[in-house]
Amino acid sequence: MDKKKIQEGVKLILEGIGENPDREGLLDTPDRIARMYEEIFGGLTQTAEEPLSKTFHVKDNAMVLEKDITFYSTCEHHFMPFYGKAHIAYIPDGKVVGLSKLARTVEVYAKRPQIQEQLTAQIADALMEYLKPQGAMVMLEAEHMCMTMRGVKKPGSKTVTFVTRGVFEQDERLQRQFFDLVRA
């Protein structure tokens, strides 16, 4: 990331909205925002390969579900936050990954400017590519600040997206089981 460009951009925005970037309270704002962007957009320099590469062999191929994984992301259209919960399930094909690695996978993709629909698919596709399960299902529930703070101004509204891959695509029983477990 180019911190200097971010700092210059923030100064231009401050001037553009009629603020004085040399005002005491704003003097360090360009640097603070540059450091914040390094953190919240850290996923741009990462892949899910690392967190999903450490696996453990298992004999049972029963569904693995990690639910209520909190995430924060940034809408690529308005550069405003959207945040919520991710629910991830997969059917192993002889190997599983540590549960914290599922949360790390969500983080990799959430820390990029994007849309929720894409984020949902990226998580499922990463599981399929790196973990190679029989199938995966991912559901995200999120509140978008571009809808609650500006525009239509509907706080509390949630967007729900889900994708299925592999055995989850055709097996409605597995899909129902996933939704029942998420709601439990």
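# Chat about a predicted model

Student: Hi! Which residues does Thr120 touch, leaving aside its neighbours within four places in sequence?
Tutor: Thr120 is in contact with Val138, Leu140, Thr161, Phe162 and Val163, once neighbours within four places in sequence are set aside. Keep in mind that this is a predicted model.

Student: Where does Thr120 sit?
Tutor: Thr120 belongs to helix H5.

Student: And why does Thr120 count as buried?
Tutor: Its relative accessibility is 1%, and buried means under 20%, so Thr120 counts as buried.

Student: Let's turn to Val138. What is Val138 in contact with, again leaving aside neighbours within four places in sequence?
Tutor: The contacts of Val138 are His87, Ile88, Thr120, Ile123, Ala124, Leu127, Thr161, Phe162 and Val163, with neighbours within four places in sequence left aside.

Student: How many residues are in the largest nonpolar core, and which have the most contacts inside it?
Tutor: The largest nonpolar core has 32 residues. Phe71, Ile88, Tyr90, Leu119, Ile123, Leu127 and Val138 are those with the most contacts inside it.

Student: Which elements give two or more residues to this core?
Tutor: They are E2, E3, strand E4 (95-97), helix H4 (99-110), helix H5 (116-131), E6 and helix H6 (145-148). H5 gives the most, with 7 residues.

Student: What about the second core, how many residues does it have?
Tutor: The second core is separate and has 9 residues, including Ile91, Met137, Leu174 and Phe178. As a general point, nonpolar side chains in soluble globular proteins tend to be buried together.

Student: OK, over to the sheet. In what order do the strands come?
Tutor: The order is E5-E2-E3-E6-E7: 5 strands in an open sheet with mixed pairing. Strand E5 (113-114) and strand E7 (159-166) are the edge strands, each pairing on one side only.

Student: How many bridges are there between E2 and E3?
Tutor: Strand E2 (residues 64-75) pairs with E3 over 9 bridges, in the antiparallel sense. Opposite Phe71 stands Gly84 in E3.

Student: What lies between E2 and E3?
Tutor: There are 5 residues between them, and the two strands form a hairpin. In the turn, Phe79 has a positive phi of about 55°.

Student: And how does E3 pair with E6, and over how many bridges?
Tutor: E3 and strand E6 (residues 135-144) are antiparallel partners over 10 bridges. One place to look is His87, whose bridge partner in E6 is Met139.

Student: What is the bridge partner of Met139 in E7?
Tutor: That is Phe162. E6 and E7 also pair in the antiparallel sense, over 8 bridges.

Student: How many residues of E3 are buried?
Tutor: For strand E3 (residues 81-91), 8 of its 11 residues are buried, so to speak "mostly covered".

Student: New topic. Which residues does the UniProt annotation "binding site" cover?
Tutor: According to UniProt, in an unreviewed entry, the "binding site" covers Cys75, His78 and Cys146. They are spread over 72 residues of sequence but cluster in space, with a largest C-alpha distance of 7.8 Å.

Student: Is Cys75 buried or exposed?
Tutor: Cys75 is buried, with a relative accessible area of 7%. Cys75 lies in strand E2. Leaving aside neighbours within four places in sequence, Cys75 is in contact with Met80, Phe82, Gln114 and Cys146.

Student: Where is His78, then?
Tutor: His78 is in the loop between E2 and E3. At 39% relative accessibility, His78 counts as partly exposed. Not counting residues up to four places away in sequence, His78 touches Cys146 and Arg150.

Student: Which element gives the most to the lining?
Tutor: H2 does, with 5 residues. The elements giving two or more residues are helix H1 (3-16), helix H2 (29-40), E2 and H4.

Student: What does UniProt list for residues 6-182?
Tutor: The unreviewed entry lists "domain: GTP cyclohydrolase I" there. Over residues 6-182 the chain is 40% helix and 28% strand, with the end C-alpha atoms 40 Å apart.

Terms used
Residues are numbered from 1 along each chain as its sequence is written. This is a predicted model: local features need pLDDT of at least 70, side-chain atom pairs count only at pLDDT 80 or more; totals for chains, interfaces and linings use all residues. Side-chain values use heavy atoms; hydrogens and water are left out. Buried means under 20% relative accessible area, exposed over 50%, partly exposed in between (1.4 Å probe, protein chains only). Helices (H or I, at least four residues) and strands (E, at least two) are DSSP runs, numbered from the N terminus. Two strands pair if DSSP finds at least two bridges between them. A nonpolar core is a set of buried Ala, Val, Leu, Ile, Met, Phe, Trp, Tyr and Cys residues joined through side-chain atoms within 4.5 Å. Contact means heavy atoms within 4.5 Å. UniProt positions are given in the numbering used here, feature names are shortened, and annotations may be inferred rather than shown by experiment.
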